[in-house]
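Here is a note for a colleague who is opening this structure for the first time. The points are numbered so that each can be checked against the view.

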Amino acid sequence: MTDASPHTVPLRQTWPDDFVARYRAAGHWRGETFPGFLRTRARDCADAVAVVGGDTRWTYAQLWAQAERIAAGLLAQGLAPGDRVVVQLGNIPEFIAVVCALFRAQLVPVYALPAHRLTEVAHFARKSEASAYVCAERYETFDYRTLARDLQADVPAMHHVFVVGDAAEFVSIDTLDGPRDALPGDPDPQSVAFLQISGGSTGLSKLIPRTHDDYIYSFRASNDLCGIDADSVYMVALPAAHNFPMSSPGFFGALYAGARVVLSPGPGPDAAFPLIARERVTCVGLVPPLALLWADAAGKTTHDLSSLQVLQVGGAKLVPEAARRVVAGLGCRLQQVFGMAEGLVNYTRLDDADDLVLTTQGRPISADDEVLVVDDHGAPVADGEVGHLLARGPYTIRGYHNDDAANARSFTDDGFYRTGDMVQRLSSGHLVVQGRATDHINRAGEKISAEEIEDHLLAHPQVFDVAVVSIPDEFLGERSCAFVIPGDEKPRPAELKAWVRGRGLAAFKVPDQIVFVDAFGTTAVGKISRRELRAQLRARFLAERQAE
Ligand code: AMP
Ligand code: DBH
């Protein structure tokens, strides 16, 4: 017998049998699937508006019709159930239609952010063994067809490219069609529905396999905690492919509830405020710097924002003073959200005391979320003490896709995910994020691996050595700073930034600041770890700045 699948690494996300039994018995995993619930909504809420974006307004029936057309078209083009498809689309209705279509055809979306460039997209494609790429002709002035051409040159297995808009030599999403009777039945609810991407704390992003059962549970339960029902209007202001606006409760939560999803073309008040007023948006999720910007702009706008009931803030730490400003500026209920694409999501509850809402990052969704706060040796610390956060539960993964080394590092023997975050747990169960144990930069919610950027800078002929470090930043929360020991000839900072950009990386990964140093002066004898070195450089930089 031959294996028809071209993939060498099967998609899998498995929990031990006793956990499966427990999560089912508790009613978390109900055997629902994406195509299953979308079909049901198309029937039960047929004429309700599902998605609004640009000039498009689709009802639930129309969204499902689009999904079925595209799904049948993709199969007619030669894709087969199980194939992975890298999707890189912005906040346009087609993003949702394409993703629903992939689910319908049992194709597996791999989510890239619009900011990603060739290096990242090629990595996702290789790691997932994808055979197709979906992009828009253009989004925010960038022409993704150029990227598609480079991608096909770089990754020979990338056989298909589908484009929203003018497809040039590729296949247009609009023209896709095919026989509906070729569409498969509904998938196994325990199977992997898609691959989400991690922010990448070390090196390149990892792929996160999420199942129908586990992900649907996470947003169904989120709906209850975020006040989402059929009357809600949920705005996607952050990139729709990010796990936060996708699932906490995100547009999937909203679609599950039969609510309306409004896609804002940009995250700023200019784009979002008119849409909030027009569509009577009730809930939106933002990262802290944007929340501050919105709070400031709300005082000056002529747009009516009175429909907003819940403003969610997450992705990076919202410090209490900023939280107060957000509440004062927007006047609606604040909800802090501390989540990760790997699973665990914490919310402050809508009826929590103000103090908890302002000073904590919430508590886990589920009574079956097991959260451990441990010291460096893995021993639990007392409530109120800072320790490493480990998590296990009905929507937290047990392993990354196709990455044994990361799995050995990131999971304990008994299946806890090492989040890399340092937290304090209060007796109420609420968590206060205190920083993290890994060296990534959280730049306004976008995570950047120090290691990944160091690698790219080290490839520059005039860089002798480099350490990339996070520096506190008033606006971004954190910015990236590269400490560079130059070679014989000192390059200009702009040259180094252009170098990183030229390596085909997302713009948010370009170092915000470059500081040249003669040596990584250290009193330590012998070799010190990169981690220690980064910490020393950060401390020295901040001390010098304070002394100025
Ligand atoms: P990712 O793995 O890319 O999905 O990023 C998840 C990480 O973002 C978490 O592990 C935290 O480090 C960070 N994060 C998310 N939400 C918050 C928050 N509300 N406060 C502090 N850090 C956060
Ligand atoms: O930062 C994140 O990854 C994140 C933040 C809030 C997330 O994945 C989520 C909520 O689900």
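1. A residue is taken as near a molecule or strand if one of its heavy atoms lies within 4 Å of it. On that rule the residues around ligand 2 are His242, Asn243, Phe244, Ser248, Gly315, Val337, Gly339, Met340, Ala341, Val345 and Lys447.

2. On conventions, this is a predicted model, in which local features need pLDDT of at least 70 and side-chain atom pairs count only at pLDDT 80 or more, while totals for chains, interfaces and linings use all residues. Residues are numbered from 1 along each chain as its sequence is written, chains are lettered from A and ligands numbered from 1 in the order in which they are written, and side-chain values use heavy atoms, with hydrogens and water left out.

3. Which elements supply the shell around ligand 2? Helices (H or I, at least four residues) and strands (E, at least two) are DSSP runs, numbered from the N terminus. At least two shell residues come from each of α8 (243-247) and β16 (333-340). The largest share, three residues, is that of β16. By class, the shell has five nonpolar, five polar and one charged residues. Here Ala, Val, Leu, Ile, Met, Phe, Trp, Tyr, Cys and Pro count as nonpolar, Asp, Glu, Lys and Arg as charged, and the others, Gly among them, as polar.

4. An oxygen atom of the ligand is 2.7 Å from a side-chain N or O atom of Lys447. For the side chain of Asn243 the distance from a ligand oxygen to an N or O atom is 3.1 Å, and for a polar backbone atom of Met340 it is 3.4 Å. Taken alone, ligand 2 exposes 280 Å², of which the protein buries 95%. Accessible areas come from the Shrake-Rupley method with a 1.4 Å probe; for residues, only the protein chains shown count as cover.

5. Ligand 1 has 17 residues around it, and those that come nearest are Gly199, Val337, Ala341, Asp421 and Lys447. Strand β16 gives the most to this shell, with four residues. The classes are six nonpolar, seven polar and four charged residues.

6. Among the polar contacts of ligand 1, a polar side-chain atom of Asp421 lies 2.5 Å from a ligand oxygen. A backbone N or O atom of Gly199 is 2.8 Å from an oxygen atom of the ligand. A nitrogen atom of ligand 1 is 3.4 Å from a polar backbone atom of Ala316. Ligand 1 taken alone exposes 500 Å², and the protein buries 92% of that.

7. How many salt bridges are there? With a salt bridge defined as a side-chain nitrogen of Lys or Arg within 4 Å of a carboxyl oxygen of Asp or Glu, the count comes to 34. One of them joins Arg333 and Asp354, whose closest N and O atoms are 3.1 Å apart. Arg333 lies in strand β16 and Asp354 in helix α13 (residues 354-359), so this pair ties together parts that are 21 residues apart in sequence.

8. A further salt bridge pairs Asp465 with Arg530, the closest N and O atoms being 3.7 Å apart. Because Asp465 is in strand β25 (residues 463-473) and Arg530 in helix α17 (residues 530-547), the pair ties together parts that are 65 residues apart in sequence. Salt bridges that share partners join Asp439, Glu454, Asp465, Arg530, Arg531 and Arg534 into one network.

9. For exposure, buried means under 20% relative accessible area, exposed over 50%, and partly exposed in between (1.4 Å probe, protein chains only). Asp465 is buried at 19%, whereas Arg530 is partly exposed at 33%.

10. A disulfide is a pair of cysteine sulfur atoms within 2.5 Å, and the count of disulfides is zero. Cys283 is in none; the nearest cysteine sulfur, that of Cys226, is 6.1 Å away. Cys283 is buried, with a relative accessible area of 1%, and Cys332 is buried at 12%.

Methods. Polar contact = N/O pair within 3.5 Å; in protein donor to acceptor, adjacent residues only side chain to side chain.
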